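Welcome to this short tour of a structure.

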Amino acid sequence: MTRDLRVQTSYAILLATLLAASTLLIQQVDRVRDDEPLQEVLYIPSPKVVERMSLGYSGLLADIYWTRVVQYFGTKHKAKAKEYLILEPLLDMTTTLDPKLLPAYEFGSVFLAQKPPEGAGSPQGAARLVEKGIRENPQSWKLYYDLGYIYWLELKDSAKAADAFERGSHIPGAHPWMRVMAAALAGHAGETETAIYMWTNILDSSDDQVLKANAINRLRCLRVDSEVKVLQDRVDEFTKSNGRSPTAWQELISTGLLRRIPVDPKGNLYQLVDGRVQVANPDLFPFIVRGLPLGRESGDLPGTSGIKNAKK
Amino acid sequence: MAAIEIDRLEKSYKTGFFGNRLVHGLKPLTLTVEEGEVFGCLGPNGAGKTTTLKLLLGLVFPSGGTARILGRDLNDIGVKRFIGFLPEQPYFYDHLTSLELLDYYARLSGVDPRERKHKVERALARVGMSDAGKTQLRKFSKGMLQRVGIAQAIVHDPKLVLLDEPMSGLDPIGRREVRDLVQELNEEGKTIFFSTHILSDAETVCDRVAVLNKGELKGVGVVADLLRKVSGDVELVWSGAQAISALSALGARCHATGDVVRAVLPERVLETALDALRNSHARLTSVTPVRATLEDYFLARIGEEKPNEVNA
Amino acid sequence: MIGRLWAIAYNTYREAVRDRVLYNLILFALLIVGSSVLFGQISLEINRIVLINLGLTAISLFGIVIAIFIGIGLVSKEIEKKTLYTVLAARPVRRWEFIAGKFLGLVMTLTVNALLMSVGFFAAVMYVSHGLGRGDLQLVVAIYLILLEFVLITALALLFSTFSTPIFSSIFAFAIFAVGTFAQDLRGFAKMASGVTGWVMTGASYLVPNFASLNVISQVAHDTAVDPKLILLDTLYVLVYTAAVMTASVWIFERRNLK
């Protein structure tokens, strides 16, 4: 029977080899296609038409589009993309096919609004999406939360933000901190503290890994903002006392203004450049507004320091 | 050289919901068919005749044992050029004409392209279907299909022809034609092996027969010998009802129509019976030995438990 | 061997082509192509777009249906009705030659099929666009990839009919076509899943035929050129995958007891 065994083994090996080869080819094909297939969402004049054509399986189709949203964003984000042209149409399609897909609105509220490469840089689009979500899901207080976040952080409109939180706080089941946020914004409480409060809530209440990672990132950047402020205050104090700016942290330690060499959340030393406190590597903290090197603005793309953000 | 040598060939199937029951399609069979014979394989439906054929033809794989065809092993694909096969209730490609069909088979059998056309036409002529050469097979009756089937079995001039129930579905004329054809082929030197459950057909045409029942070989032998063993009666016809009682006493079974009596009695009491008739002044019309039929042999064999070689 | 392969292939082709069911389906497809010319009249700008979308989709879908039904029909019929016995039992035809010959015959049939439907399609395109231009070369590419789809599904239909009944084979074939269309999305799902589910999904997403990459219809309708690298890779993929499927078919068929 060994002849039979040899034959069976040959077949098995041949089959396995061919399948392995086909797998490699698929990977190549995927690479070449890139997000070409997703482009087709731009060609569809009306998502409503697609919904009707899906013959009642719109839920499944919505899930498929949702997967594409995640894949699209993930791939582009890793490559530090400068634009996310298809994100909004994809999210629009997903939420048309399944208007109750709350994670899609949540995802869009964050990643449509944030500036590239952390998002599509279209807060207006984000607001539009969330407003749609609110229309379709009037009982979801969280969407008001997302709306408030967009108005406050990205569109810098505290009044509209406070209004969104206020409206949301009245919905049965709304988390108490909706009212807190409304009050804080209305009363122009410290920006950084409010922001920390908000992102911490997002981190705690979200199950989505991508959103959590983003929240951690933002919290880290807020910590940098706050640490840089404290350090800068100490440096200014030194300058006032000694008539010149310090050139090294050691000087502040000797005078008792600092206890030890300051290190940023990523483990690099804070730098002292001409009396200015800076982070060693700004690319690690995409959301900071303080501690940036001169000429670099908050939200500038890596490697473009000094270039004003002309495109909007 | 033996045309077919079967040595302990057997086939069992796993059945039952868990595949734990074993069904014996064919118990170990040992049989030899000599070259130039017409060999009949008899048995009721389900006896294992078709299984034997399929094992010989490589359609089904044996569970044990071996077989040789024309001196070559079963698995030798080269030997297929020299055998022809007609399956039970054949079906062919609906939309081909009989000429196209035979040409197809001739090609597959490797018939020399120069001779192909001629052989195809000859085969068709032998089965009496020359006129229907250009008609599509879906228009054929069962009998016509059967004949085309035989044609494809012989178109490549095989040395051994295997037929599974060749006479089924044919009217008496058709059956006679097949019988004649079988004899013709045999006269050309071909070995014929066919299976049937119609015993009278086998009787007139076969040199030797084997009897199968429930997957087992029950008996093998030369037809004439087998018949001689089982027969032994004589039929008397006379006029003279008065003799009935005397002959009945000898063990005759009498049947009277008016004054004409027909009686069957054992051969050994023939002389005594003839005397009795003379004494009764009956007028003897005929004395005929009752031929045993294969049916008698068959029924006798099927009734027994063990397989038995009935040869002198 | 070649002689036998050709004989079986040509026989399969002949048998399929003479079956009138084939023509009905082709006619249907052409009707749809024709009607799409009318639909397009609704809006002049998207006339050509509608025609290409609808026309190519019809060719693709009907072709797949034909491929499945003929593929399964021919082999199952042969096994059920024993034509197979006369071919395998008393002819020096190896079992793999039988499968390969059937496959080649089916591919021949489908190629002719695709050509016929293309003629109708291009006639409609010419009518709508008042002539053929360089952009129409991409339409040929699209049809070529559709033909590759046919080859793929035929191999699968053949595989299923080596071990399954006609009804189940058809169901499996349609199901795997549906799944294969979303193969890329399946890979996306797999990346989001974790643990055993993730592994299983990843495996499945690569084993399933990648029909997703063979459909360039909406691209071509908007005059976007197809990357030549993609054409090459797709061709290679279909060759390799078909070879794998055929290997499996032959493997199963060689071991099968033909009761």
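Let's start with one pair of residues: Ile69(B) sits opposite Arg72(B), which belongs to β5(B). Please keep in mind throughout that this is a predicted model. The strand β4(B), residues 64-69, is joined to β5(B) by two bridges, and these two strands run antiparallel.

Both strands are part of an open sheet of four strands in chain B, ordered β2-β1-β4-β5 with antiparallel pairing. The edges are taken by β2 (21-34) and β5 (72-73) of chain B; each has a single partner strand, so one side of each lacks a neighbour in the sheet. Across β1 (2-15), β2 and β4 of chain B lies helix α1(B), residues 49-57, which runs at about 70° to β2(B).

Now move along chain B to β6(B). Which way do its residues point? Ile83(B) and Phe85(B) point one way from β6(B), while Gly84(B) and Leu86(B) point the other way. In a regular strand, side chains alternate between the two faces of the sheet. All four of these β6(B) residues are buried.

The pairing of β6(B) with β7(B) is parallel and is made by four bridges. One place to look is Ile83(B), whose bridge partner in β7(B) is Leu160(B).

## Helix α4 of chain B

How far does α4(B) reach from its first C-alpha to its last? With 13 residues, α4(B) spans 19 Å, close to the 18 Å expected at 1.5 Å a residue. Its buried residues include Gln146(B), Arg147(B), Val148(B) and Gly149(B). Further buried positions in α4(B) are Ile150(B), Ala151(B), Gln152(B), Ala153(B) and Ile154(B).

What covers these buried residues? From chain B, the cover includes β6, α2, α3 (113-126), β7 (160-164) and α5 (172-187). Chain C takes part too, with its α4 (83-89) included in the cover.

## Where chain B meets chain C

That brings us to the interface, where 27 residues of chain B are in contact with 24 residues of chain C. On the chain B side, β6 (83-86), α2 (98-108) and α4 (142-154) each supply at least two residues. The largest share is that of α2(B), with four residues. Sorted by class, the chain B side has 17 nonpolar, seven polar and three charged residues.

Asp233(B) is a handy landmark, with Val290(B) in β14(B) as its bridge partner.

## Chain B as a whole

Stepping back, chain B has ten helices and 15 strands. Its C-alpha atoms fill a box of roughly 75 × 50 × 40 Å along the principal axes. Of the 312 residues in chain B, 39% are buried. Among the chain B contacts with a separation of 6 or more, 70% are accounted for by residues 24 or more positions apart.

## Chain A and its side facing chain C

Chain A has 13 helices and two strands. Its radius of gyration is 25 Å, well over the 20 Å that the globule rule gives for 312 residues, so chain A is more spread out than a compact globule. The box filled by the C-alpha atoms of chain A is roughly 90 × 60 × 40 Å along the principal axes. Buried residues make up 34% of the 312 in chain A, and residues 24 or more positions apart account for 50% of the chain A contacts with a separation of 6 or more.

Chain A also touches chain C: 23 residues of chain A are in contact with 27 residues of chain C. On the chain A side, α1 (2-33), α2 (36-43) and α4 (58-78) each supply at least two residues, and α1(A) gives the most, with 15 residues. By class, this side of chain A has 14 nonpolar, five polar and four charged residues.

Key
Residues are numbered from 1 along each chain as its sequence is written. Chains are lettered from A and ligands numbered from 1 in the order in which they are written. This is a predicted model: local features need pLDDT of at least 70, side-chain atom pairs count only at pLDDT 80 or more; totals for chains, interfaces and linings use all residues. The radius of gyration is taken over C-alpha atoms; the globule rule is 2.2 Å times the number of residues to the power 0.38. A residue is buried if 20 or more other C-beta atoms lie within 10 Å of its own, exposed if 12 or fewer, and partly exposed in between; C-beta atoms are placed from the backbone. Two residues are in contact if their C-beta atoms, placed from the backbone, lie within 7 Å. Ala, Val, Leu, Ile, Met, Phe, Trp, Tyr, Cys and Pro count as nonpolar, Asp, Glu, Lys and Arg as charged, and the others, Gly among them, as polar. Two strands pair if DSSP finds at least two bridges between them. Axes are lines fitted to C-alpha atoms, for helices over the stretch in contact, and angles run from 0 to 180 degrees between N-to-C directions. The expected span of a helix is 1.5 Å times one less than its number of residues.
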